[in-house]
Amino acid sequence: MQQFISVNDVTNINALVKKALAYKSNPFKDQHLGKGKRIGLLFLNPSLRTRLSTQVAASNLGMEAIVFNVDKEGWALEFEEGAIMSGNTVEHIKDAAPILGQYFDVLAIRTFPALKNKIDDYSEMFISQFIKYAGVPVISLESATLHPLQSLTDILTIQEEMNMRQAEFAGRRPKIVLTWAPHVKPLPQCVANSFAQWVNAWEEASFVIAHPVDYELSDQFTKGATVVHNQESALKDADFVYVKNWSTYNDYGKIYENDPAWMMTNAKLEATNNAKVMHCLPVRRNVELSDEILDGTNSLVTRQAGNRVWAAQSVLSEILSSGK
């Protein structure tokens with residue numbers, strides 16, 4: 001693996017998931033792999049789980065992890081080619097990235113969409129410029145359109161749960177539902193895009209996406225899924241329910257409605273196959289998900305968040321191994 005930006009960088013999802021779960025059983029078995037190596041974690045927006053889980057994963061492999069909050073501690077970066085830098089930006093990515101490539105063996109970048117211009121956000125210019133100029137492997141810690149480490153975590157959490165309930169899933173594919181939920185502000189489509197992309201590529205499940213009218217995601221990520229506008233019908237016989245808000249894609253970055261009827265509750269789970277519920281966190285309690293679900297036995301949210309370490313460790317291991 002030369003980089004990790006999307007599911008397209010993975011040759012075998014099941015093998016990567018198996019490796020991640022093996023690290024969960026034995027976190028330090030490959031401590032030699034990263035000895036003498038450094039990873040630079042660059043954040044252009046805040047993070048909790050992504051930052052800390054990747055640091056732990058790197059440490060488990062013997063790497064030194066150095067965190068740099070670009071948005072707070074560094075110069076304002078310019079990413080446009082041919083820019084006349086007479087404004088607020090101080091340093092061009094063409095000058096900064098090659099230096100970072102000399103300091104680090106791997107760069108991990110977290111960016112965030114502005115939710116103002118769809119063309120700009122979906123061009124993925126920020127992370128693409130790091131890849132172009134850094135000269136070392138780049139890992140996405142979330143980009144303007146995708147969150148691949150989260151999605152790998154989601155798949156391995158589903159697989160882990162299925163492994164624990166083998167008899168129940170013997171001879172059948174699970175039904176996975178991604179459902180939109182209300183939120184107090186417009187959020188990007190990154191997690192929803194990425195989850196859809198990974199589940200479709202995994203090809204191990206029946207996959208349904210439920211959202212209100214006008215909340216369609218880009219079909220470059222959802223193609224292969226069944227998309228409906230009725231949450232109740234989507235939830236019928238579901239085994240796993242992934243709850244996530246996202247803003248509009250076509251009329252970009254808007255909130256058209258915040259209907260509380262889309263919040264996930266225990267009552268809605270009655271139509272499911274006693275579904276396990278997932279969310280990437282942070283979560284707005286009693287807006288996206290009710291307390292009763294988050295604090296109840298159907299929630300996989302805490303275990304899912306813990307599995308972020310093993311997803312990151314499996315990706316780092318693949319990159320370090322390919323660089324030998």
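Trainee: Where is the place of P282?
Mentor: This is a predicted model. In it, the peptide bond from L281 to P282 is cis, with omega near 0°. As for its place, P282 is in the loop between β11 (276-278) and α13 (291-294).

Trainee: Which residue has a phi near 60°, a positive value in a residue other than glycine?
Mentor: Most residues other than glycine have a negative phi. The residue in question lies in the loop between α9 (190-202) and β8 (206-210), and its relative accessible area is 61%, so it is exposed. The residue with phi near 60° is E203.

Trainee: Is D237 buried, partly exposed or exposed?
Mentor: D237 is found in the loop between α11 (231-235) and β10 (240-244). Although not a glycine, D237 has a positive phi of about 65°. Buried means under 20% relative accessible area and exposed means over 50%. The relative accessible area of D237 is 46%, so D237 is partly exposed.

Trainee: With which residue does D237 form a salt bridge?
Mentor: The closest N and O atoms of the pair are 4.0 Å apart. A salt bridge requires a side-chain nitrogen of Lys or Arg within 4 Å of a carboxyl oxygen of Asp or Glu. The partner of D237 is K236.

Trainee: How many residues apart are E142 and R110?
Mentor: E142 and R110 form a salt bridge, with their closest N and O atoms 3.0 Å apart. Both residues are buried. E142 is in the loop between β6 (138-140) and α7 (148-164), while R110 is in strand β5 (residues 106-110), so the pair links distant parts of the chain, and the separation is 32 residues.

Trainee: What is the relative accessible area of R285?
Mentor: The side chain of R285 meets that of D291 in a salt bridge, at 2.8 Å from N to O. D291 counts as partly exposed, at 31% relative accessibility. R285 is partly exposed too, and its relative accessible area is 42%.

Trainee: Which residues do salt bridges that share partners join into one network?
Mentor: A search of the whole structure finds 16 salt bridges. Those that share partners join one network, made up of K24, E160, E161, R165, E168 and R303.

Trainee: Are α1 and α15 roughly parallel or roughly perpendicular to each other?
Mentor: The axes of helix α1 (residues 13-25) and helix α15 (residues 308-322) come within 8 Å and cross at roughly 115°. Angles of 65 to 115 degrees count as roughly perpendicular. The two helices, α1 and α15, are therefore roughly perpendicular to each other.

Trainee: How many nonpolar residues has the contact of α1 with α15?
Mentor: α1 passes α15 in a right-handed crossing. From α1 the contact draws on L16, K19, A20, Y23 and K24, and from α15 on W310, A311, Q313, S314, V315, S317 and E318. By class, the contact of α1 with α15 has 3 charged, 3 polar and 6 nonpolar residues.

Trainee: What is the handedness of the crossing of α2 and α15?
Mentor: Helix α2 (residues 49-60) packs with α15 at an angle of about 55°, their axes being 8 Å apart. That angle makes α2 oblique to α15. The crossing of α2 and α15 is right-handed.

Methods. Residues numbered from 1 in each chain as written. Predicted model: local features only at pLDDT ≥ 70, side-chain atom pairs only at ≥ 80, totals over all residues. Heavy atoms only, no water. Axes fitted to C-alpha atoms, helices over the stretch in contact; angles between N-to-C directions. Helix = DSSP H or I, 4+ residues; strand = E, 2+ residues; numbered from the N terminus. Parallel < 35°, antiparallel > 145°, perpendicular 65-115°, else oblique. Left-handed = near helix turned anticlockwise from the far one by under 90°. Contact = heavy atoms within 4.5 Å. Nonpolar A, V, L, I, M, F, W, Y, C, P; charged D, E, K, R; others polar. Buried < 20%, exposed > 50% of the residue type's maximum accessible area, 1.4 Å probe, protein only.
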